[in-house]
Amino acid sequence: RDIPSLASKTILITGGTAGLGAGSIRELSKHRPAHIIFTGRNQKSASALISELAKTAPEVKVTFLVCDISSFASVDKAAKEILPHIERLDILMLNAGIMAVDAAVSKDGYEIQMATNHLGHALLVRRLLALLERTAAEHGDARVVNLTSIAYAEAPKMGVDFASIRSPQNGLGGLIPIPGAKYSRYGQSKLAQLHYSAELARRHPTITSIPVHPGVIQTALLTELDFVSKIPMYFFTKTPVEQGHWQQCWAATVAKDRVKSGEYYEPVGRLVEVEKRRTRLSRDMGLARRIWEWTERVLDEFDGVNA
């Protein structure tokens, strides 16, 4: 009920075929934006959602793009398909993600959770940065909402293990002994998202960059975990998936003067000051700069090879 009219706005949401992404699309479509673009890998689910929206929000243009966010080539292709067809981008919601999956690497050779949750999104931001800045200049605001997590507290002791990031990181250590490295790898990627958002705000101040924890939501990310991997989740209050998108929709649409760019928020709309974050690593702005600089080098390498 607090979301204002979104008339004339263009919105892009990654991972929009299910869960929090699909919930956000349904919610935001009620407020009549001009165009909602969403990405994902499941064409069947996307088509079903588009058919639903044709009935509930027929005046909203809806576009689906197949994109594997863990693949630089796929992200690059999606961005090239988007850019010629939109003149503004008011909301970029970095929603796609995986959690506590088995050890693996992406097509580009990076630990799979870091590749999916952080690096692919960082490349998408790079590709859309000029459009976001132009939108902010011409229309007063452009948002990048990045879904981090309280799981940033489970990152390994160095925060991000840069030395082994181009491997599955099977033995990455963290605070939770069960299931161990799965959550350490997940926490590492969420810490990267948290700090990247802060640096985006610092380096590109015309853009409103907001990292948010959506809550512990009963999406497939949680329900499809094996029993051992679910154990840490029993200690948190779970939010029904029907309410799971509230936090990110708040961040995407709240009045600009009611949100602090680069700051971290927990549900719903609760600012957590830097000094009140859960871990030393999450308060370390030197680490934030290092994550940004490392991310830029990774993306530069991809761009150099594909120039």
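Author: What follows sets values against definitions.

Author: The model is predicted: local features need pLDDT of at least 70, side-chain atom pairs count only at pLDDT 80 or more, and totals for chains, interfaces and linings use all residues. Residues are numbered from 1 along each chain as its sequence is written, and side-chain values use heavy atoms, with hydrogens and water left out.

Reader: What makes up the secondary structure of the protein?

Author: It comes to 9 helices and 10 strands. Helices (H or I, at least four residues) and strands (E, at least two) are DSSP runs, numbered from the N terminus.

Reader: How do you know that Gly173 counts as partly exposed?

Author: Buried means under 20% relative accessible area, exposed over 50%, and partly exposed in between (1.4 Å probe, protein chains only). Gly173 has 42% relative accessibility, so it counts as partly exposed. Gly173 lies in the loop between β5 (143-147) and α5 (181-203).

Reader: What does Gly173 touch, not counting residues up to four places away in sequence?

Author: Contact means heavy atoms within 4.5 Å. By that rule Gly173 touches Pro156, Lys157 and Ser184. Gly173 and Lys157 are 16 residues apart along the chain, and their C-alpha atoms are separated by 7.6 Å.

Reader: Why is Glu199 called buried?

Author: Its relative accessibility is 2%, so Glu199 counts as buried. Glu199 lies in helix α5. Its contacts are Ala288, Arg289 and Trp292, not counting residues up to four places away in sequence.

Reader: What makes α5 largely enclosed by the rest of the structure?

Author: The count of buried residues does: 21 of the 23 residues of α5 are buried, so the helix is largely enclosed. In the protein as a whole, buried residues make up 57% of the 307 residues.

Reader: How do you know that the span of α5 agrees with what it should be?

Author: The expected span of a helix is 1.5 Å times one less than its number of residues. The 23 residues of α5 should therefore span 33 Å, and the end C-alpha atoms are 32 Å apart, which agrees. Helix α2 (residues 43-56) has 14 residues and reaches 20 Å from its first C-alpha to its last, close to the 20 Å expected.

Reader: Which residues of α2 are buried?

Author: Ala46, Leu49 and Leu53 are. Seen down the axis of α2, they fall within an arc of 65°, so they line one face of the helix. The arc is that of the directions from the helix axis to the C-beta atoms. An α-helix has 3.6 residues a turn, so residues three or four places apart point the same way. On the other side of α2, Lys44 and Lys55 are exposed.

Reader: What covers the buried residues of α2?

Author: The cover includes α1 (19-29), β2 (35-40) and β3 (61-66).

Reader: Why is the pair of Tyr152 and Tyr264 called edge-to-face?

Author: A search of the whole structure finds 7 aromatic pairs. Tyr152 and Tyr264 form one that is 5.7 Å centre to centre, with 80° between the planes. Rings of Phe, Tyr and Trp (its six-membered ring) pair if their centres lie within 6.5 Å; planes under 30 degrees apart count as stacked, over 60 as edge-to-face and the rest as tilted. The pair of Tyr152 and Tyr264 is therefore edge-to-face.

Reader: Where do the two residues of this pair lie?

Author: Tyr152 is in the loop between β5 and α5, and Tyr264 is in strand β9 (residues 264-266). They are 112 residues apart, so the pair links distant parts of the chain. Tyr152 and Tyr264 are both buried.
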